[in-house]
Amino acid sequence: MLKSRDRLSRIIEATNAGTWEWHLHSGAIRCNQRWAEMLGYELAELEPTSLKTSLSRLHPDDLVRCQALYERHLAGELNYFDCEFRMRHKSGHWIWVRSRARVTERAEQGQPLMMAGTHTDISARKSAELALLASNQALERTGRIANVGGWELDIEHEILLLSDRTCRILAIEPGVALSLADALSFFPASARKTIEVAIEAGSSRGTPFDIEVPLTNAAGHHLWARITGEAEHSNDEAKRLVGAFKDVTLNHRTEVALAESRELLQVTLESIGDAVITTDLEGAVTWLNPVAERLTGWPGT
């Protein structure tokens with residue numbers, strides 16, 4: 001028994017975990033030194049420890065969630081109590097703690113008598129998670145403003161993963177993974193061929209691509225998309241293609257309208273009975289309509 005206790009003590013010390021045992025009937029809690037150190041205290045500063053010792057340092061926004069998990073464990077709905085929450089450090093800042101515990105002793109009628117568990121400081125992990133979340137949210141905001149999504153193709157299995165923004169452009173449910181064939185079905189035959197050639201070049205030779213193609217999304221809307229992509233390699237072999245997917249329908253329509261307007265203007269100027277001459281800022285002739293050519297004898301440009 002002593003060897004087992006010594007072995008358990010070494011394991012706990014190696015994991016750098018705080019430990020606690022709670023006598024539910026008396027309310028007393030016995031903690032180890034590491035439990036107190038996480039909060040910036042010596043254990044003697046907190047003794048005698050009780051449930052109040054812990055609850056008084058628990059972040060109020062986490063209290064209801066912890067209480068719900070605790071009650072579900074006591075009721076037998078959960079085999080273990082496992083909860084992440086914030087606790088106030090002696091210096092005033094908040095640290096993140098993961099608490100894992102279970103009832104270790106019950107009365108004959110099933111009432112819990114003893115509960116034991118550990119506290120682990122997960123502040124570093126939480127900071128990294130929150131930083132990543134903030135970064136992802138910033139990227140999502142940027143993508144929303146620019147209407148740019150992302151995509152990733154598993155070359156071997158031809159499975160395509162799409163960002164939420166790309167899914168919205170295609171009018172499909174976010175989080176859907178498509179086969180390459182399903183994704184290509186949004187595009188007409190000519191555009192499909194263009195995409196297949198770009199994917200083949202990217203997969204076999206690592207050639208990046210930047211193409212604009214028409215498509216019809218799941219809602220039946222006719223759009224234009226700019227698709228950029230490049231290969232990601234592992235052991236000198238292309239494993240994935242990743243890139244951006246941007247809705248450029250408005251740009252395309254504007255360019256088409258502008259081209260049509262220019263064509264209409266040129267036809268109009270060429271057909272009217274008046275002479276029309278255009279020059280640059282320095283006075284050099286840049287264009288003449290047929291009437292101006294006849295009147296001036298100058299050749300058209």
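Me: By class, the lining of the largest cavity has 15 nonpolar residues, no polar ones and no charged ones. What makes a residue count as nonpolar?

Reply: Nonpolar means Ala, Val, Leu, Ile, Met, Phe, Trp, Tyr, Cys or Pro; charged means Asp, Glu, Lys or Arg; the others, Gly among them, are polar. Of the 15 lining residues, L160, F187, I195, I227 and F245 lie nearest the centre. By the way, this is a predicted model: local features need pLDDT of at least 70, side-chain atom pairs count only at pLDDT 80 or more, and totals for chains, interfaces and linings use all residues. Residues are numbered from 1 along each chain as its sequence is written, and side-chain values use heavy atoms, with hydrogens and water left out.

Me: Why is one space called a cavity and another a pocket?

Reply: On a 1 Å grid over the protein atoms alone, a cavity is a set of points where a 1.4 Å probe fits but cannot get out, while a pocket is an open set with protein on both sides within 12 Å along at least five of seven lines; lining residues have an atom within 4 Å of a point. Searching the whole structure for cavities of 30 Å³ or more turns up 1. The largest cavity holds about 210 Å³, and the second largest pocket about 380 Å³. Volume here is the space filled by probe spheres set on the points, which are joined across faces, edges and corners.

Me: Which helix gives the largest share of each lining?

Reply: For the largest cavity, α8 gives 3 residues. For the second largest pocket, α5 gives 4. Helices (H or I, at least four residues) and strands (E, at least two) are DSSP runs numbered from the N terminus. W22, L51, S54, L55 and F81 lie nearest the centre of that pocket, whose lining has 14 nonpolar, 5 polar and no charged residues.

Me: How do you know that β4 and β5 pair?

Reply: Two strands pair if DSSP finds at least two bridges between them. β4 (residues 94-106) and β5 (residues 112-121) share 9 bridges in the antiparallel sense, so they pass that test. R98 stands opposite T120 in β5. Both strands belong to an open sheet of 5, in the order β2-β1-β5-β4-β3. What makes β2 (29-31) and β3 (81-88) edge strands is that each pairs on one side only.

Me: What packs on this sheet?

Reply: Helix α5 (residues 60-74) does, touching β1 (18-23), β3, β4 and β5, where contact means heavy atoms within 4.5 Å. Its direction makes about 155° with that of β3 (axes are lines fitted to C-alpha atoms, for helices over the stretch in contact; angles run from 0 to 180 degrees between N-to-C directions).

Me: Why are E158 and A171 called partly exposed?

Reply: Buried means under 20% relative accessible area, exposed over 50%, and partly exposed in between (1.4 Å probe, protein chains only). E158 has 44% and A171 has 36%, so both land in between.

Me: What makes their phi angles stand out?

Reply: Most residues other than glycine have a negative phi, and most peptide bonds are trans. E158 has a positive phi of about 55°, and A171 one of about 60°. There's also a cis peptide bond joining E47 and P48, with omega about -5°.
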